Amino acid sequence: MSGHTSSPPPTVKEVLKRTEKEWEALQSALSELDAEQMTAPGAEGWSVKDELAHLAAWARGLAALVRKQPRYPPMGLPAGEAPHTSGIESMNQHIYQRNKDVPLEDVLTELDSAHRDALAAVAELSDDDLLRPYDDYQPQDRRPDGDTPILWRIAGNTFGHYAEHRETIQRMWS
């Protein structure tokens with residue numbers, strides 16, 4: 001991930017504001033592309049559509065995470081799949097394979113829905129909740145870094161993730 005999450009905002013209100021700002025920037029970048037550009041594979045094999053399906057899956061996982069629900073099934077991953085056991089790249093490849101043939105319109109609809117769901121889930125938190133550790137939210141998925149405040153997962157799956165993939169998309173078509 002790029003350096004966009006080096007200092008996440010300390011309040012839910014600020015997290016939501018920063019997420020909306022990056023969402024708008026992503027939407028602006030997408031508005032510059034036509035359907036052909038959005039579905040053509042890039043140099044690394046993924047299309048813009050694939051990048052967006054990836055964002056949607058991780059936003060769904062975040063919504064489940066902060067609601068203390070298992071986070072991997074909403075992402076379309078097997079229940080036992082987790083970054084500390086299978087690796088992020090394996091998870092991302094699974095998400096790609098699951099979504100590569102999904103039509104663009106369906107991916108765009110799912111991304112919008114997943115984004116709204118993630119925002120709603122984060123909005124349910126208090127500012128103090130942001131500092132609670134990951135393991136408080138996912139006790140069934142204890143991790144070596146489970147004492148890290150949930151704020152970092154929120155940043156990495158909302159505004160930081162949107163910015164990272166917006167930059168990737170812009171590089172694909174600049």
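Tutor: Start with a definition: a salt bridge is a side-chain nitrogen of Lys or Arg within 4 Å of a carboxyl oxygen of Asp or Glu. The model is predicted, so local features need pLDDT of at least 70, side-chain atom pairs count only at pLDDT 80 or more, and totals for chains, interfaces and linings use all residues. Residues are numbered from 1 along each chain as its sequence is written, and side-chain values use heavy atoms, with hydrogens and water left out.

Here is one such bridge. Aspartate 112 pairs with arginine 116, and their closest N and O atoms are 2.9 Å apart. Both residues belong to helix H6, 4 residues apart, which is about one turn of the helix. Helices (H or I, at least four residues) and strands (E, at least two) are DSSP runs, numbered from the N terminus. An α-helix has 3.6 residues a turn, so residues three or four places apart point the same way.

How open are the two partners? Buried means under 20% relative accessible area, exposed over 50%, and partly exposed in between (1.4 Å probe, protein chains only). Aspartate 112 has 30%, so it is partly exposed. Arginine 116 is partly exposed too, because its value is 48%.

Now a wider group. In total, the structure has 9 salt bridges.

Arginine 67 counts as partly exposed because its relative accessibility is 26%. Aspartate 117 is partly exposed as well, at 21%.

Arginine 67 also bridges to glutamate 124, with the closest N and O atoms 3.4 Å apart. This link again joins distant parts of the chain, 57 residues apart: glutamate 124 sits in the loop between H6 and helix H7 (134–137), and arginine 67 in the loop between H3 and H4. Glutamate 124 has 55% relative accessible area, so it is exposed.

Lysine 68 is found in the loop between H3 and H4. Its phi is positive, about 65°, although lysine 68 is not a glycine. It counts as partly exposed because its relative accessibility is 45%. Lysine 68 lies over the face of tyrosine 137, at 5.7 Å from the ring centre. Arginine 132 lies over the face of tyrosine 137 too, at 4.7 Å from the ring centre. A charge sits over a ring if NZ of Lys or CZ of Arg is within 6 Å of the ring centre and within 35 degrees of the ring normal.

On to ring pairs. Rings of Phe, Tyr and Trp (its six-membered ring) pair if their centres lie within 6.5 Å; planes under 30 degrees apart count as stacked, over 60 as edge-to-face and the rest as tilted. By this rule there are 2 aromatic pairs. Tryptophan 23 and tyrosine 162 make a tilted pair because their ring planes meet at 55°, with centres 5.4 Å apart. The pair links distant parts of the chain, 139 residues apart: tryptophan 23 is in helix H1 (residues 12–31), and tyrosine 162 is in helix H9 (residues 159–172). Tryptophan 23 is buried, at 9% relative accessible area. Tyrosine 162 is also buried, at 1%.

Tryptophan 46 and tyrosine 96 are stacked, at 5.6 Å centre to centre and 10° between the planes. They too link distant parts of the chain: tryptophan 46 lies in the loop between helix H2 (35–39) and helix H3 (48–66), tyrosine 96 in helix H5 (residues 88–99), 50 residues apart. Both tryptophan 46 and tyrosine 96 are buried.

Finish with confidence. pLDDT is the predictor's confidence in each residue, from 0 to 100. The protein chain has a mean of 90, and 92% of its residues reach 70 or more. Confidence is highest in H6, at a mean of 98, and lowest in H4, at 59. Where pLDDT is low, the predicted coordinates should not be read in detail.
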